[in-house]
Amino acid sequence: RRPYDALMSIPKAELHLHIEGTLEPELAFALAARNGVALPYADTDDLRKAYQFSDLQSFLNLYYELMAVLRTEDDFADLADAYLARAAAQGVRHAEIFFDPQAHISRGVGIGTVVEGLGRALDRSEAVHGVSTQLIMCFLRDESAESAMETLEAAKPYLGRIVGVGLDSAEVGHPPVKFREVYEAAAALGLRRVAHAGEEGPPSYITEALDVLGVERIDHGLRCMEDPELVARLVRERVPLTLCPLSNVRLRAVDVLEEHPLPAMLDAGLLCTVNSDDPAYFGGYVGDNFLAVREALGLSPDRLRELARNSFVASFLDHDEERRAR
Ligand code: HPA
Ligand code: ZN
């Protein structure tokens, strides 16, 4: 990489980022030591060797395993602070951050510990890193609808810190309709709604997320390209898609980055954004994703600026906040 690259510093909003997926091997070992948690890896090199994924599930297995090191408010604050520092260095001015409360509650770590810990880092983020932030709590779609509803209930004391709800984890076999009631309840509480759809799951999951869950953004949405009528609708309704190119290669949603449909999606008029998903696992933060798509797909400077602009348009910032952020 050249010492200075204007694409790195161009202002960006990051809209698809799992905070647990920013856990770098060095921090994982530091937190393991701090908390007396044993990791089944000799060292960071040994752990990095496990970052060879064949699909979404093979990644999720490691992602959930490593969360064992996250136990205290300090751990979540340190995790978020490390992400915000890295994101700021790559031009991120605003981040809408996912977290997975059920993955912590099931290990005996309460949602209060998670939200207060993350919140401590988020509260000082604008002053320290120049990054504004919001939190989106995700339901694990391979857990039951009842568990999602209990999680929403547990989040009620913390809704002042949570802007919206999302849906993640293993997609195939867990269609959006399973979460109709909890999304209705979230909407009634004034929460914004997004959902992962069309990463590994079929285009019909994208339609269902829009029609049944009332989401205002689709996370990934890659497989919409198999359904021209759906593409036409997403264009017409200006539904943002939060794409994660390096993630798609690592989880084998596309074979190689050179074959990523992003250029075709932009040509079709879709409101695309570029994001990092789980940057510690997939080989790069959001600026790295921008550099990679420029390199592999030959996107023009105009296209790259459009992607950066789209990230603010698709964000939950209002008009004035958006202008200040970029
Ligand atoms: N897809 C679904 N669930 C996830 C992901 C993802 O890319 N990352 C973390 N949880
Ligand atoms: Zn994701």
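**Ligand 1.** The residues I found around ligand 1 are His18, Gly21, Leu56, Tyr63, Asp168, Ser169, His196, Glu199, Ser247, Asp277 and Asp278. Sorted by class, this shell has 2 nonpolar, 5 polar and 4 charged residues, where Ala, Val, Leu, Ile, Met, Phe, Trp, Tyr, Cys and Pro count as nonpolar, Asp, Glu, Lys and Arg as charged, and the others, Gly among them, as polar.

**Conventions.** I note that residues are numbered from 1 along each chain as its sequence is written, with chains lettered from A and ligands numbered from 1 in the order in which they are written. For this predicted model, local features need pLDDT of at least 70 and side-chain atom pairs count only at pLDDT 80 or more, while totals for chains, interfaces and linings use all residues.

Helices (H or I, at least four residues) and strands (E, at least two) are DSSP runs numbered from the N terminus, and I call a residue buried if 20 or more other C-beta atoms, placed from the backbone, lie within 10 Å of its own, exposed if 12 or fewer, and partly exposed in between. Strand β5 (residues 192-197) is largely enclosed by the rest of the structure, because 5 of its 6 residues are buried. I then looked up its pairing, which requires that DSSP find at least two bridges between two strands. Strand β4 (residues 164-168) pairs with β5 in the parallel sense over 2 bridges, and Gly164 has Arg192 of β5 as its bridge partner. Strand β6 (residues 217-220) runs parallel to β5 and is joined to it by 4 bridges, with Arg217 of β6 as the bridge partner of Val194.

**Crossovers.** A crossover is right-handed if, with the strands pointing away from the viewer, the path from the first strand over the helix to the second runs clockwise. I found a right-handed β-α-β unit made by β4, helix α10 (residues 180-188) and β5, another made by β5, helix α11 (residues 203-211) and β6, and another made by β6, helix α12 (residues 228-236) and β7.

**Strand β7.** From strand β7 (residues 240-243), Pro240 and Thr242 point one way and Leu241 and Leu243 the other way, and all of them are buried. β7 pairs with β6 in the parallel sense over 2 bridges, and in β7 the bridge partner of Ile218 is Leu241. On strand β8 (residues 271-274), which runs parallel to β7, I counted 4 bridges to β7, and Thr273 of β8 is the bridge partner of Thr242.

**Helix α2.** In helix α2 (residues 25-35) the buried residues are Pro25, Leu27, Ala28 and Leu31. They lie on the same side of α2, because they cover an arc of only 160° around the axis, the arc being that of the directions from the helix axis to the C-beta atoms. The face turned away from this buried side carries the exposed residues Glu26 and Ala33. Taking residues as in contact if their C-beta atoms, placed from the backbone, lie within 7 Å, I see the buried residues of α2 pack against α3 (44-48), α4 (56-66) and α5 (73-89). Just after α2, Gly36 takes a positive phi of about 65°.

**Helix α9.** The buried residues of helix α9 (residues 145-155) are Ala148, Thr151, Leu152 and Ala155. They fall on the same side of α9, because their arc around the axis is only 100°. Glu146 and Glu153, on the other side of α9, are exposed. The buried residues of α9 pack against α6 (101-105), α7 (111-123), β3 (132-140) and α10.

Most residues other than glycine have a negative phi. His220, which is not a glycine, has a positive phi of about 75°; I place His220 in strand β6, and His220 is buried, with 27 other C-beta atoms within 10 Å. Asp277, likewise not a glycine, has a positive phi of about 65°; Asp277 sits in the loop between β8 and α15 (279-282) and is buried, with 30 other C-beta atoms within 10 Å. Asp277 is also one of the residues around ligand 1.

Conventions:
Near = placed C-beta within 6 Å. Contact = placed C-beta atoms within 7 Å.
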